[in-house]
Amino acid sequence: MAHGPIRLGLCLAAFAPAGLGGALRSAGQAGVDVVDLPADSTFELVDPQRLDDPAHHAELRAALDSAHIRVGCVSNSRDTQLVLGPHGPHTDPVLAGTAEEKREYGMRAALGTVRLAAGLGAPLVRLMLGVPDLGRWLSWWGSDVSWSDNVEAWCSAAKPALELATELGVRVVVEPHPKQVAYDPASARALLTAAEGVGLCVDPANLAAVGHDPVNAVRGWGADLAAVHAKDLQIWREPSEPRGAGWSRYGPGPAIRFRALGSGSLPWAEIVAALLDEDYRGVIYVEHEDALLPTDQGATNSLAVLRRLLPSAGAQGRTW
């Protein structure tokens, strides 16, 4: 439930195997009343063929009302990835086809996700549109191509979704991630400057995984910071390959794996304090990606950490 100016929520992606009803029950049992609802076809929590169907919106609203849960953000990170790609075999598990077929599929999903957010009364829609060329991370001798070309491509490709969101009163947010045009603080600032009205969803663990300070990751955004994701992080620093489940790599750095809060190395007490200092007034969504813990246990652990750190009422300040 609410904790002072900041609310606690749950990303439902990890609960998808239980279906929408089971996911909403888990959210209620965890004591949250706001969720990030993924619209990706791979999760099957909503009907991907009916994202723009008002009748489907009504069905979903009835299920949400029955569970006493509202949707704070509708997200799509897999189908919409095909807007900018990559358009080769990397994204064939979502849709096998030509680059043009993939782009059209991704855009239909993006527009449908915006309409679904509006139909559910969600103020935010988080779209992950992919990235045209990861090679632009580096500078190449004799070339004037840079990451700004990816930002321009994002603005051009996102225009239909941004226009529809404005029309329907929904705010588009982006999440810095190595598979996106906004992948670090600098590229996120460049995209927000180029795309007026777009907001930011910050996941400190994603940024820490590529070497950025997780506390500074939530500072300095002002009104642009619209949502926060919460998970913890382990970084493998040994010369040998890591053992155990859940390890991956975000680029050429060391192996990383995400954990429930309290099971990794991120300073969540400092992160929460920074959010309070920044007068953040949104939701912190727990995102369970811990391969070592059952989903319900991991989410419960993470929420418990945040509840200890967030004020339950207005702080009194020094009284002596």
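Trp268 sits in helix α7, which covers residues 268–277 (helices being DSSP runs of H or I with at least four residues, and strands runs of E with at least two, numbered from the N terminus). The model is a predicted one, in which local features need pLDDT of at least 70 and side-chain atom pairs count only at pLDDT 80 or more, while totals for chains, interfaces and linings use all residues. Residues are numbered from 1 along each chain as its sequence is written, and side-chain values use heavy atoms, with hydrogens and water left out.

Trp268 counts as buried because its relative accessibility is 3% (buried is under 20% relative accessible area, exposed over 50%, and partly exposed in between, with a 1.4 Å probe and protein chains only). Leaving aside residues up to four places away in sequence, Trp268 touches Pro204, His229, Ala230, Lys231, Asp232, Leu261, Leu306 and Leu309 (a contact being heavy atoms within 4.5 Å). As for Asp213, 55 residues away along the chain, its C-alpha atom is 12 Å from that of Trp268.

On a 1 Å grid over the protein atoms alone, a cavity is a set of points where a 1.4 Å probe fits but cannot get out, a pocket is an open set with protein on both sides within 12 Å along at least five of seven lines, and lining residues have an atom within 4 Å of a point. Searching the whole structure turns up two cavities of 30 Å³ or more. The largest cavity comes in at about 40 Å³, and its lining includes Trp154, Met128 and Glu175. The second largest cavity has about 30 Å³; among its lining residues are Ala230, Lys231 and Leu261, which also turn up in the list of residues that Trp268 touches.

The largest pocket has a volume of about 910 Å³. It is lined by 38 residues, with Ser77, Arg78, His177, Lys179 and Glu289 nearest its centre. Strands β3 (34–38), β4 (70–76) and β10 (256–259) each give at least two residues to that lining. The second largest pocket holds about 260 Å³ and has 13 lining residues, of which Pro48, Gln49, Leu51, Arg108 and Ala109 lie nearest its centre.

How values were computed
Grid points are joined across faces, edges and corners, and a volume is the space filled by probe spheres set on the points.
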